[in-house]
Amino acid sequence: MNLKKVKGYLGFKKMEKEGCPLCRLVEGEIKTHKYYRDVTCIIVDCLTCRIPMVVVNHHGQATEEDKRLMVNAIDYLFEYHSIRRVPRQIVDHEHWHVIGARLKKA
Ligand SMILES: [Zn+2]
Ligand SMILES: [Zn+2]
C-alpha cells in the first residue's frame, strides 16, 4: 500500500469526523449510561431513543470483523429481541440499536 495514499485517506476521514456526534461519543463525550467499551465498539443508551446503541469506534462503516465483534458484545451483555442496523439519522458512522434489550444477570 502506498503510504502517501494512506495518509491522505486518514486525513480525509479525520475531516469527515468534524461535527459527527458519534465520533464525539467514541472519543469520550458520553451523555448517557455507558454499558461497555472495547477496541471495536462502545455501547451506550442512545440520547434520542434511550435504548442501548452500539457504535463502532471509527468513523465510517463497520468491517465484517467489527460487525462480528459488535454482535458478540451485544450477546454478552443483553437478552434482546432484535438489532436494528438501519440508521435513521446518522448514515455515515455505523451504529445499531438493540431492540427489547434487557441486561443479562452477571
Ligand atoms: Zn436512537
Ligand atoms: Zn463519526
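I began with Met70 and listed what it touches once residues up to four places away in sequence are left out: Thr40, Cys41, Val54, Val56, Ala62 and Trp96. I note here that the model I am reading is a predicted one.

Next I looked up the core to which Met70 belongs. The largest nonpolar core has 19 residues, and Met70 is among those with the most contacts inside it, together with Cys41, Ile42, Val54 and Val55. I then asked which elements give two or more residues to this core, and I found helix H2 (21–26), strand E2 (41–45), strand E3 (52–56), helix H3 (64–77) and strand E6 (95–99). As background I wrote down that in soluble globular proteins nonpolar side chains tend to be buried together.

I turned to E2 and wanted to know how many of its residues are buried. Four of its five residues are, and I therefore put E2 down as mostly covered, taking buried to require 20 or more other C-beta atoms within 10 Å.

Then I followed the partners of E2. On one side I found strand E1 (residues 34–37), which runs antiparallel to E2 and is joined to it by three bridges. Within this pair Lys34 stands opposite Val44 of E2, and the two strands make a hairpin with three residues between them.

E2 also pairs with E3, again in the antiparallel sense, and here I noted five bridges. One residue pair I looked up was Ile42, whose bridge partner in E3 is Val55; both of these residues are also listed among those with the most contacts inside the core. E2 and E3 form a hairpin as well, with six residues between them, and in its turn Arg50 has a positive phi of about 60°.

Last, I stepped back to the whole protein. Its secondary structure comes to three helices and seven strands, and along the sequence I read the pattern α-α-β-β-β-α-β-β-β-β. Of its 106 residues, 23% count as buried. Among contacts between residues at least 6 apart in sequence, 48% join residues at least 24 apart.

How values were computed:
Residues are numbered from 1 along each chain as its sequence is written. Chains are lettered from A and ligands numbered from 1 in the order in which they are written. This is a predicted model: local features need pLDDT of at least 70, side-chain atom pairs count only at pLDDT 80 or more; totals for chains, interfaces and linings use all residues. A nonpolar core is a set of buried Ala, Val, Leu, Ile, Met, Phe, Trp, Tyr and Cys residues joined through C-beta atoms within 7 Å. A residue is buried if 20 or more other C-beta atoms lie within 10 Å of its own, exposed if 12 or fewer, and partly exposed in between; C-beta atoms are placed from the backbone. Two residues are in contact if their C-beta atoms, placed from the backbone, lie within 7 Å. Two strands pair if DSSP finds at least two bridges between them.
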